Amino acid sequence: MTILDEPVDSLALPTRMLTAVGRLGVVTVGDLARRHPAGLLLERNLGRTTVKETRVVLERALGMRWEDVAADFADDEEVASVSLSPATLGWEGLAVVLPAEIKARKPSEAPLPPRLVSFAEARGIASVGELLGIPYKELLAAPNLGRRTIVDATNALVKLRDALAEMGIPRATEWKRLFLASVGAMALRERMVVSQRAGLVGPAPTLAELGESLGVSRERVRQIEASAIEDLRSSSAWTARLADVLVAVRGGPIERLDALVEDGAPVITDAELDAGPFAFLLEMVMEGKAGHVVARGAVDYFAVFTETELEKKVVRLERAAQTLVFPFEREQLAARLAGATGSDANEVVALLKLVSEGLRFEGGLVVGYVEARGDEVEAFLRAAGRPMRVTDVAAACGRGHWPESVVWLERGLVTLPELVPDFYVWQKRLGPLVASVMAEHGARQWATAELLPHVALAADLPEWMTAYSLGSLLRDVPEVRYLGRNVVALADSEATTREHIDDTMANELVKAGGPMLEHELRARVSARRGVTDLGWNMMRMRKPFVLFEDGTVGLLPRDVPGGDTAIVATADAIAAWLDQREEGVQVADTRAFVQSRGEPAASWDMRMLRSVLRHDGRFRLAIGGGLGLATWGETRTKTQREVLEELLDAGEGRVRVADVVAALPTASGEPTTRVKVGMLANQLGARLAGQFVVRMDESGVPSLRAVPAEDRAWVEKVPEKAAAVFGRLLVAPRSAEQLVMALSRWTRDMRAQAVGAVDDEQVVRLAEKAKAMLAVAAEQPGTPWAKAARAGVEYLVCIDDGESDLVVGGLDDDEAVLAAVGDGVPVGRNIGGAP
């Protein structure tokens, strides 16, 4: 006899509990243990104190938690029959009353508060059931989790349980009705995006096309779509159950979409209209749990594989079919292909329909195999007589392995060698040349993109020669070994497989035993495998690499002070901090927060911290240094562009460069450079003018608002056609000393042009007047007139100002500007023309 078989009155239970168990028909300890404590709270005359005292006695006798014993006794039918309010139930009681299908969900797929989902992800908790195993007190003690969060989670999970119980099991043929109902319940903006992207109201637009029609960016449409789908996924109880139903309807690993039936009724009533929405539901909402819609030629299939996975399997079967020894009995075909590919026999049987076109049968024998698609592709390209997009070829010939004879001219554009002018001539020429280039610059693996500039120095290449076409050309030359993906090595090298850049980087860092200077790491990687600037910049940003402010690259978690423990703790703290703020932060605030946590995180530099956070899917980082949560869809911080725009508005189109540098946020926290300020200004239709950033008008010159108020009177003095250029020059003219030199060059160059259009006497007269004006300006450098005088001389030495100086009468506007400014000379000074 076990403790569970002992009489319940053998335990020293509270009096109220002994009275209640007699009324409830509880005879043994096991009878009491199977009753969940949350359920007993509903019984008359049993309160929390009585249940708490009973828990102490019962758990001491059982040696385990009361809820765990109750869960062992419970099954899904019993769970479904329990009806408790969330307030009575509490967190501890959820594990018993929730059905297995809810407990099996990922936390991110359940309607849980974001803070609890973040907690689960940080702890590596894989399911709702595992999350429910964490005691209430432990959750309450966790950072950023309070009573409100746990109560909200309890309410949401009970609501989901009730919805599932009320809904029952959906039918596969109801998929579109359920999908439309869920989309229809969304807010207007989300409904517009999802319904159009799913193809529910016509052909599905791209993100860019939809963004243009809605007046927002492509990225903003993606954010709205992702947020709406996440809400649909977590709030719609039918999606998980429908996924199981669809798998059962499919039966095997793959089935034609138009052949799916449930109890004789088609699941897809109109393949042309419904294939897109069905695929969106499977991929975006159900995340591929039920399967995928894949295309083979003009036929759509519902498969357990993705399109890429299916393509690989079909290609493997096709290649295996070519190696079989014919003839043999037809019944042996699946077994032979399964043995040749190492695939499951049932999977091979399901896929045979996709490769059988190339098989040749005579009666009950399989007598051979031909590469049907390769011949079809070649015939299609030959008939086209010009390069074709791969999407057009796939639509006509189906998807599959591309024959070796195809020439890739660029990404997504193919043709045949005979349709490329002098293809075979260049193939003979470039084999030896490429081999000599590789031998001279390093016998390693080369990408054709880095080979092309070297080859172009030694040969006058045809217009069709690109990195892609060079790769196709080098496939069949004896001097070079083609390693795939436009990577080649010398024919006599030991290389048989392509080096992957990220693997090579990681291996070099492991051998170094610590961070390496980026240029040294790249040099070592380049000694084995060529890498372009774009490829390098992409790879170094990926996990497991981490960047440091001293220009080194390291490995996660090895080179981060504190390792994994510090990474998890710091990221959790920052996520909780941002969630509490509900707005993003710039570098200075982030640095202060991390340093306040003490070591080891306090010693992290900002570039390393951003590398760590970039690899954590909870965060969103901006180029300008902003940091926010990914769930927001944006960083909720001002961008560099927004900061500069505000400064220009406040300064009426004119702001000092020094003020811009001080105000602009950066990823490192260090001040930006003048060059980057200039690049940013160009994006806003502004430009650098001396020590200022000045906003331009539509004609490409500074708006009058950008000219300081005290200078505008001078702009009004000059002729109207010269005002725009003079106003720009008046913002920040050069010094008198610099202009004396510029005036000397202008005089020399203009007199050299004096052969008809240019009046030599006028040139000399204007040069003398300008020189006299500069002399006076040098004596009074801080006066308004001196600044206007320097601007007038700037106008003179500018060849293309109001009108070109090199045409007849081209200097008349210059003379008028100098006259207008010269009239304002301080009293007592005489500035005339030529003596």
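This is a predicted model: local features need pLDDT of at least 70, side-chain atom pairs count only at pLDDT 80 or more; totals for chains, interfaces and linings use all residues.
We can begin with the open spaces of the structure. The largest pocket has a volume of about 2000 Å³. Its lining is made up of 46 residues, and those nearest the centre of the pocket are R411, G484, R485, N486 and R498. Several helices take part, each giving two or more residues to this lining: α19 (307–323), α23 (390–397), α25 (448–458), α26 (467–473), α27 (501–512) and α29 (533–540). Of these, α19 gives the most, with six residues.

Two or more lining residues come from each of α9 (114–123), α14 (188–197), α16 (218–235), α30 (563–581) and the strand β18 (619–621). The leading contributor to the second largest pocket is α16, which gives nine residues. The lining of this pocket comprises 20 nonpolar, nine polar and 15 charged residues.

Turning to the aromatic side chains, the count comes to eight aromatic pairs. One of them joins F326 and F328, whose rings are stacked at 5.6 Å centre to centre, with 15° between the planes. The two partners can also be described by their accessibility. F326 has a relative accessible area of 23% and is therefore partly exposed, as this value falls between the limits of 20% and 50%. F328, in turn, has a relative accessible area of 4%, so this residue is buried, being under the 20% limit. Elsewhere among the aromatic residues, W175, F278 and F302 form one cluster.

T552 is located in strand β17, which covers residues 552–555. Because its relative accessibility is 9%, T552 counts as buried. The side chain of T552 makes a polar contact with the side chain of D550, at 2.6 Å. Leaving aside residues up to four places away in sequence, T552 touches P515, M516, L517, E518, V546 and L547.

How values were computed
Residues are numbered from 1 along each chain as its sequence is written. Side-chain values use heavy atoms; hydrogens and water are left out. Helices (H or I, at least four residues) and strands (E, at least two) are DSSP runs, numbered from the N terminus. Buried means under 20% relative accessible area, exposed over 50%, partly exposed in between (1.4 Å probe, protein chains only). A polar contact is a pair of N or O atoms within 3.5 Å; within protein, one must be able to donate a hydrogen and the other to accept it, and residues adjacent in sequence count only if both atoms are side-chain atoms. Contact means heavy atoms within 4.5 Å. On a 1 Å grid over the protein atoms alone, a cavity is a set of points where a 1.4 Å probe fits but cannot get out, and a pocket is an open set with protein on both sides within 12 Å along at least five of seven lines; lining residues have an atom within 4 Å of a point. Grid points are joined across faces, edges and corners, and a volume is the space filled by probe spheres set on the points. Ala, Val, Leu, Ile, Met, Phe, Trp, Tyr, Cys and Pro count as nonpolar, Asp, Glu, Lys and Arg as charged, and the others, Gly among them, as polar. Rings of Phe, Tyr and Trp (its six-membered ring) pair if their centres lie within 6.5 Å; planes under 30 degrees apart count as stacked, over 60 as edge-to-face and the rest as tilted.
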